[in-house]
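Student: Hi, I'm new to this one. Could you walk me through it?

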Amino acid sequence: MLKSDKIRRIARGIYDCPEYSELMGRTLSPDIQKVKQALVRKHKWQLDVYGDVALTYLGLSRQIVAKNIFMSSGPTTKFTLFNGTSIYFRHAPSRDLGFKYHLSPAIVQALKTLGKGHIDGRVVAKIREQIHPNMRTKILNDAKGTTPFVYKAIKQICGAY
């Protein structure tokens, strides 16, 4: 199948079915999200958003992230795909992974990326408006084990401070 171009090797042990674009007149690059999920399944890692991706997800930045960086329970490593595209996995401590609610890791990573001195009322308000009032207590409890300055900011966001 590999020799007949029905599948292609993306990285060691990772394959996909190439898609051809009539419009572009060539085979498309593999979907990075699917490759990421395949690597996570293969290595049995936990995975969460990282850094600037979290800022974009929460609407605190309009940057388009050029590097594919993800936070994982595995070692810090880089996978280079057949076309030269790289996917980076950064090891994260257990206190930054395994949250119960999907917004918790994004909030924690966004606050860490901004840093202690850059969390102001505008940031708190922007994040607060994205959290349903019923979820605020749950996210507050979910983030208890995180870094102290991040937890203090989450208390402000959730109205418990």
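Student: What share of the contacts with a separation of 6 or more comes from residues 24 or more positions apart?
Tutor: In the protein chain, 55% of those contacts come from residues 24 or more positions apart. A contact here means heavy atoms within 4.5 Å.

Student: And what sort of model am I looking at?
Tutor: This is a predicted model, where local features need pLDDT of at least 70 and side-chain atom pairs count only at pLDDT 80 or more, while totals for chains, interfaces and linings use all residues. Residues are numbered from 1 along each chain as its sequence is written, and side-chain values use heavy atoms, with hydrogens and water left out.

Student: Okay. How many helices and strands does the protein chain have?
Tutor: The chain has six helices and eight strands. Those are DSSP runs numbered from the N terminus: helices are H or I with at least four residues, strands are E with at least two. Along the sequence the pattern reads β-β-β-β-α-β-α-β-β-β-α-α-α-α.

Student: How much of it is buried?
Tutor: Buried residues make up 39% of the 161 residues. Buried means under 20% relative accessible area, exposed means over 50%, and partly exposed is in between, using a 1.4 Å probe and protein chains only.

Student: Let's talk sheets. In which order do the four strands of the open sheet come?
Tutor: The order is E5-E6-E8-E7, with mixed pairing. E5 and E7 are the edge strands, each pairing on one side only. For two strands to pair, DSSP has to find at least two bridges between them.

Student: How many bridges join E7 to E8?
Tutor: Four, and the two strands run antiparallel. Phe79 has Ile87 in E8 as its bridge partner, and Lys78 stands opposite Tyr88 in E8. The hairpin of E7 and E8 has five residues between the strands, and Gly84 there takes a positive phi near 90°.

Student: What sits over the ring of Tyr88?
Tutor: The charged end of Lys67, 5.3 Å from the ring centre. A charge sits over a ring if NZ of Lys or CZ of Arg is within 6 Å of the ring centre and within 35 degrees of the ring normal.

Student: Why is the Trp45 and Phe79 pair called tilted?
Tutor: Their planes are at 50°, with the centres 6.4 Å apart, so the pair counts as tilted. Trp45 is in the loop between helix H1 (32–43) and strand E5 (47–48), and Phe79 is in strand E7 (residues 77–80), 34 residues apart, so the pair links distant parts of the chain.

Student: Is Phe79 buried or exposed?
Tutor: Phe79 counts as buried, at 18% relative accessibility. Phe79 also forms an edge-to-face pair with Phe89, 5.8 Å centre to centre and 85° between the planes. Phe89 is in strand E8 (residues 86–91), ten residues from Phe79. Phe89 is buried too, with a relative accessible area of 0%, and Trp45 is buried at 14%.

Student: Which residues form the aromatic cluster?
Tutor: Trp45, Phe70, Phe79 and Phe89 form one cluster.

Student: New topic: Arg8. Where does Arg8 lie?
Tutor: Arg8 lies in strand E1 (residues 8–11), and is buried, with a relative accessible area of 13%.

Student: Which side chain does the side chain of Arg8 make a polar contact with?
Tutor: That of Asp16, at 2.8 Å. A polar contact is a pair of N or O atoms within 3.5 Å; within protein, one must be able to donate a hydrogen and the other to accept it, and residues adjacent in sequence count only if both atoms are side-chain atoms. The backbone oxygen of Leu28 also lies 2.9 Å from a polar atom of the Arg8 side chain.

Student: Last one: what about Ser104, which helix is that in?
Tutor: Ser104 is in helix H3 (residues 103–114), and counts as buried at 1% relative accessibility. Leaving aside neighbours within four places in sequence, Ser104 is in contact with Phe99, Ile139 and Asp142. Ser104 and Asp142 are 38 residues apart in sequence, and 7.0 Å apart in space, C-alpha to C-alpha.

Methods
Phe/Tyr/Trp six-rings, centres within 6.5 Å; stacked < 30°, edge-to-face > 60°.
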